[in-house]
Amino acid sequence: MGGSRGLAVHDDIEMSLLSGEHALYGEGSLRAARRWFETAYREAERHGDVDGMARAALGLGGLWVHEHRTAAEAAAVRARQRQALALVEPRSSLALRLRVRLAGEDDYRGGGHEAILALVEEARRAGDPVALAEALSLAHHCVLGPEYGALRLALAEELIEQAPRTGRRGDLLMGLLWRTVDLVLAADPHAERALVELRGLLSKEDHLAVGFVVDAMEVMLGIRSGRLAEAEAMAGACADRGAAAGDIDSAGWYAGQLATLRWYQGRAAELVPMLADLVNSPDLSAMDSSLWAVLAVSAATAGDRRLAEGALARLRVRDLAALPRSSTWLISMYGAAEAAYLLGDAETAAEIHAVLSPFERLPVVVSLGVTCLGSVRHSLGVAMLTCGETDKAIAYLRAAVHDNLALGHWPAVALSRLRLGQALRGTEESRRILALARQEAASLGMTLPDDRPAAPAEVVCARQGRKWRIELAGRTVLVDHIVGMAHLATLLANPGREIPAVDLAAGAAAGEAAESAQPLLDEQARQTYKRRLSGLQAEIDELEAMHDLQRAATLRAERDWLIDELAAATGLAGRTRQFAGSEERARIAVGKAIRRALARIGEADPVIAERLRSAVQMGVRCSYHPV
């Protein structure tokens, strides 16, 4: 009886493992594979099935490195893999595969590749095709920096050769995928041929994970060809496919594609709210700092100098040379170069030129072919333009135009021609090139970026019934009316002008004397204060009857404050009191009212409130200066 039950348990574990392996390597469904392997691991651990635990722990790692992004999830999976490694036969294939997985994860997070490449060699010597295939693929992840093109391609070619020996269709697809990615990253003219081959295999039998990357590359090619509206629709469908596959990068890749499209459409400023939220997402790769660069250029385009400089500083937290050379490093340099140009930051531009110049012949391709922004020489030219090195800028930008033509990247051609025309400013050639750039942009539905950043983004405030509608760069909130909101609205309507606090309190607009004075407290505020006073007195009476003297004293303090406020705002007959030249009292009352309004806005949207706090000056004279 016990033997039958044990056999049934073993069969259940084996079924879960086989289902997980089919989902992962055959179907490419990362989501389904995780469910099966989670079930298998729990059952194998409960019944002491060491090999089952090892296979399940391997499967939980997935196809890619760093599939588990949060610290808690990643630690849990690594703990299971280490536990399984401690239990299995040290010389077994399972032990080698577990060591491969752990080394790949550690190297990737640390920005290295020595340990995983050593295990590639060990798997070769062991003659273990499955361990070698997994080591080759994981090693590929760890050398996605721009300096390792030849090594990556060699790893991909070897993986394709190993695939028939493993008997797993997923290994062949991964080898072909890595080879296609490598050719795209190198701007190889035959890259699209490799993509056609891969797409042909997927048309016969789909693989969700590989198909997601292929779809992302199709979006990239759509952007290159200038089919911007079509590429945006494709990007949405690609994100849906990635989510269906359970790929953690689906949202981040969509954000990168959307940022590229908005950049070429002249709408980068619209991205600021989304990027400000996304840069701290735990779903981003530990090696990815590119969104800080994208935020910097988007904020600079929007005229938000403070946010742009802050984002650029986060990217340069040490120095750009120390930034990990991951698959998003080139886009980080591109965004930083454009932001530095808009900010006039010659120091950052010079640093970008120093670290980027060894890679001038490469295209700026993000991750595994997710999107492309043209030739690296464009960024080098922009950097030199920022530094005032005009001759060098012209040489780089001429080469960038040629490189982008070879890529068939028409939006990048137009943009490089724009920057070249700006570098040649004042010449007949400049006028001709700028006219051609604008003509090309118009044919593609592009809006070329301005030579200078836009005016600072301003907060807009408008009354809507008993509420105020407040907007900033795509963010919108509604807050209830209080006196301080009226003061803020007057300041926002007159950016840069100083308005006396007595005029604000009196209801004067734009610093002109008002014909009728503005009450210090409007009628709604007075009635609110009176209702609160009545309620406070009732609570105080009740607490005193209960001998709760401490709480009663607290409420009496609030009551006394309210009485003082009303006394300052009303006359002897209870009529609302008007300001009559008392600058100091006006300063205090207006300052209090504005701070209460800012606190209320902060409850609805801390970003808008912080912008206002940094831009609104209070005192005897008040003003609003967009930053």
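This tour walks through a few helices and side-chain pairs, one selection at a time. The model is predicted.

**Stop 1: helix α8**

Select residues 149-166. This is helix α8, with 18 residues. From first C-alpha to last it reaches 26 Å, close to the 26 Å expected. Now centre on I160. Here α8 bends by about 25°. A proline, P164, follows within four residues.

Next, colour the buried residues of α8. Among them are R152, L155, A156, L159 and A163. What do the buried residues of α8 pack against? Show α6 (114-126), α7 (129-142) and α9 (169-185): these are the partners. Then step past the end of the helix. G167 follows α8, and its phi is positive, near 75°.

**Stop 2**

Select E134 and R168. Their side chains meet in a salt bridge, 3.2 Å from N to O. The pair links distant parts of the chain: E134 sits in helix α7, and R168 in the loop between α8 and α9, 34 residues apart. Side chains of opposite charge can pair when their charged atoms come close.

Are these two buried or exposed? E134 counts as buried because its relative accessibility is 12%, under the 20% cut-off. R168 has a relative accessible area of 16%, so R168 is buried by that cut-off too.

Salt bridges that share partners join R97, E134, R168 and D171 into one network.

**Stop 3: a link from α8 to α9**

Select E157 and R179. Here too, the side chains meet in a salt bridge (3.2 Å, N to O). E157 belongs to helix α8 and R179 to helix α9, 22 residues apart. E157 is partly exposed, at 32% relative accessible area. R179 is partly exposed as well, at 25%.

**Stop 4: T180 in α9**

Move to T180, in helix α9. T180 is buried, with a relative accessible area of 1%. Which backbone oxygen lies 2.8 Å from a polar atom of the T180 side chain? It is that of L176. Leaving aside neighbours within four places in sequence, T180 is in contact with A191, A194, L195, L198 and M217.

**Stop 5**

Jump to helix α22, residues 428-444. Select E429 and R432, which lie 3 residues apart, about one turn of the helix. Their side chains meet in a salt bridge at 4.0 Å, N to O. E429 is partly exposed, at 25% relative accessibility.

Select C372, buried at 0% relative accessibility. Then find C622, also buried, at 1%. The model's disulfide count is 0, while its salt-bridge count is 40.

Note on methods
Residues are numbered from 1 along each chain as its sequence is written. This is a predicted model: local features need pLDDT of at least 70, side-chain atom pairs count only at pLDDT 80 or more; totals for chains, interfaces and linings use all residues. Side-chain values use heavy atoms; hydrogens and water are left out. Helices (H or I, at least four residues) and strands (E, at least two) are DSSP runs, numbered from the N terminus. The expected span of a helix is 1.5 Å times one less than its number of residues. The bend at a residue is the angle between axes fitted to the seven residues ending there and the seven starting there. Buried means under 20% relative accessible area, exposed over 50%, partly exposed in between (1.4 Å probe, protein chains only). Contact means heavy atoms within 4.5 Å. A disulfide is a pair of cysteine sulfur atoms within 2.5 Å. A polar contact is a pair of N or O atoms within 3.5 Å; within protein, one must be able to donate a hydrogen and the other to accept it, and residues adjacent in sequence count only if both atoms are side-chain atoms.
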